[in-house]
Amino acid sequence: STSVRRPAAGARLSGTAVLDAEATDYFRVTKVEFLLTDESHHSTIIAIASPSIVGWIAEWKTATVTNGTYTLHSVAFDGTGTSDQSTGVTITINN
C-alpha cells in the first residue's frame, strides 16, 4: 500500500516542491512514482522517488504544469510487478 505524506491536502505549491510517500508491501517495494491528475482526468508521472529513512522522496519543479488544481497520487511497485495507487491529495499550483 502507499500514501502521499507530503504535501498535505489543500497545499498551495510553487517553485520546487518536496514530495514524500509511504510505501509498504509484503514483497520489497522497488519503485514509487508520483502521478498528477488534472481536472480533465489526464494523468502524468511527474517524479520518481528515491527511498530514504523517512519515506520515498522526490523533488518536483511545479512550473512543469500550468497553474490550477490537481490531484496527486503515489504509485508503489514491488518486485513481482504488482502496483498500488494511493488515495488522491488535492493540491493547487500557483507559480
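Two salt bridges are present in this structure. The model is a predicted one. Start with these pairs, then zoom out to the whole chain.

**Stop 1: D20 and R5**

Select D20 and R5 and show their side chains. They form a salt bridge, with 3.7 Å between the closest N and O atoms. The pair ties together distant parts of the chain: D20 lies in strand β3, residues 16-23, and R5 in strand β1, residues 2-6. The two residues are 15 positions apart.

Is D20 buried or exposed? D20 is buried, because its relative accessibility is 9% and the cut-off for buried is under 20%. R5 has a relative accessible area of 43%, so R5 counts as partly exposed.

**Stop 2: K31 and E33**

Move on to K31 and E33. Their side chains meet in a salt bridge, at 3.2 Å from N to O. Check the surface again. K31 is partly exposed, at 31% relative accessible area. E33 is buried, at 11%.

**Stop 3**

Select Lys, Arg, Asp and Glu together. The chain carries 6 positive and 9 negative charges.

**Stop 4: the fold**

Hide the side chains and switch to cartoon. Colour by secondary structure. The chain has 10 strands and zero helices. Trace the chain along its sequence and the pattern reads β-β-β-β-β-β-β-β-β-β. Strands β1 and β3, from the first stop, hold R5 and D20.

**Stop 5: overall dimensions**

The C-alpha atoms fill a box of roughly 40 × 30 × 20 Å. What radius of gyration does the chain have? The value is 13 Å. A compact globule of 95 residues would have one near 12 Å, so the chain agrees with that expectation.

**Stop 6: surface and interior**

The accessible surface of the chain is about 5400 Å². Carbon and sulfur atoms account for 50% of that area. Colour residues by relative accessibility to see the interior. Of the 95 residues, 40% count as buried.

Technical notes:
Residues numbered from 1 in each chain as written. Predicted model: local features only at pLDDT ≥ 70, side-chain atom pairs only at ≥ 80, totals over all residues. Heavy atoms only, no water. Helix = DSSP H or I, 4+ residues; strand = E, 2+ residues; numbered from the N terminus. Rg over C-alpha atoms; globule rule 2.2 N^0.38 Å. Buried < 20%, exposed > 50% of the residue type's maximum accessible area, 1.4 Å probe, protein only. Areas by Shrake-Rupley, 256 points an atom, 1.4 Å probe, with all protein chains shown as cover. Lys, Arg positive; Asp, Glu negative; His and termini not counted. Charge placed at Lys NZ, Arg CZ, Asp CG, Glu CD. Salt bridge = Lys/Arg side-chain N within 4 Å of Asp/Glu carboxyl O.
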